[in-house]
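Please keep the sequence and the structure in view while reading.

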Amino acid sequence: MNISGFARGLMSKNYSTERFLLHVANCVEGQLKEWDEKYEVLVLKLKNYEFIVKMGDQDYYLPLPEEEIAALQQMGAFALDRRVWRELENQGLPIQRGHGNYINYVL
């Protein structure tokens, strides 16, 4: 998947926290679906935001407090993506390289 750093920078500065999180979730899901159409990304709003990646019977789960999302959004255009992908990788999700520039931006 390919992504524009310039466009993402504008989004990180102008989107609300929730809208930015949903955009990042859409990007993560788009990349995962390039690897396998069976991936699914869910974002739930409970006490914190809950970021969930499902693949068959395997779930990857990341709680994200709104304050952390806002701080990462201000830190950099891809800081939230980086946080999500590193946690998914730490939980055992296999990361594939060589499919566009998105993974190179975030990891």
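The model is predicted: local features need pLDDT of at least 70, side-chain atom pairs count only at pLDDT 80 or more, and totals for chains, interfaces and linings use all residues. Residues are numbered from 1 along each chain as its sequence is written, and side-chain values use heavy atoms, with hydrogens and water left out.

**The sheet**

Helices (H or I, at least four residues) and strands (E, at least two) are DSSP runs, numbered from the N terminus. Two strands pair if DSSP finds at least two bridges between them. On this basis, an open sheet of 3 strands is found, with the order S1-S2-S3 and antiparallel pairing. Strand S1 (39-45) and strand S3 (58-64) are the edge strands, each pairing on one side only. From one strand to the next, the twist averages 15°; axes are lines fitted to C-alpha atoms, for helices over the stretch in contact, and angles run from 0 to 180 degrees between N-to-C directions.

Strand S2 comprises residues 49-55 and is joined to S1 by 7 bridges. Another 7 bridges join S2 to S3. The table lists bridge partners.

| Residue | Partner |
|---|---|
| Glutamate 40 | Lysine 54 in S2 |
| Phenylalanine 51 | Leucine 62 in S3 |

Valine 43 stands opposite phenylalanine 51 in S2. S1 and S2 form a hairpin with 3 residues between them. The hairpin of S2 and S3 has 2 residues between the strands, and glycine 56 in this turn has a positive phi of about 60°.

Contact means heavy atoms within 4.5 Å. Helix H3 (residues 66-75) packs on the sheet and touches S1, S2 and S3, and its direction makes about 85° with that of S3.

**The pair H3 and H4**

Two packed helices are described by the angle between their axes and the distance between the axes. H3 and helix H4 (residues 79-90) pack at an angle of about 120°, with their axes 7 Å apart. H3 is therefore oblique to H4, since angles under 35 degrees count as roughly parallel, over 145 as roughly antiparallel, 65 to 115 as roughly perpendicular and the rest as oblique. Glu68, Ile69, Leu72 and Met75 of H3 make the contact with Ala79, Leu80 and Arg83 of H4.
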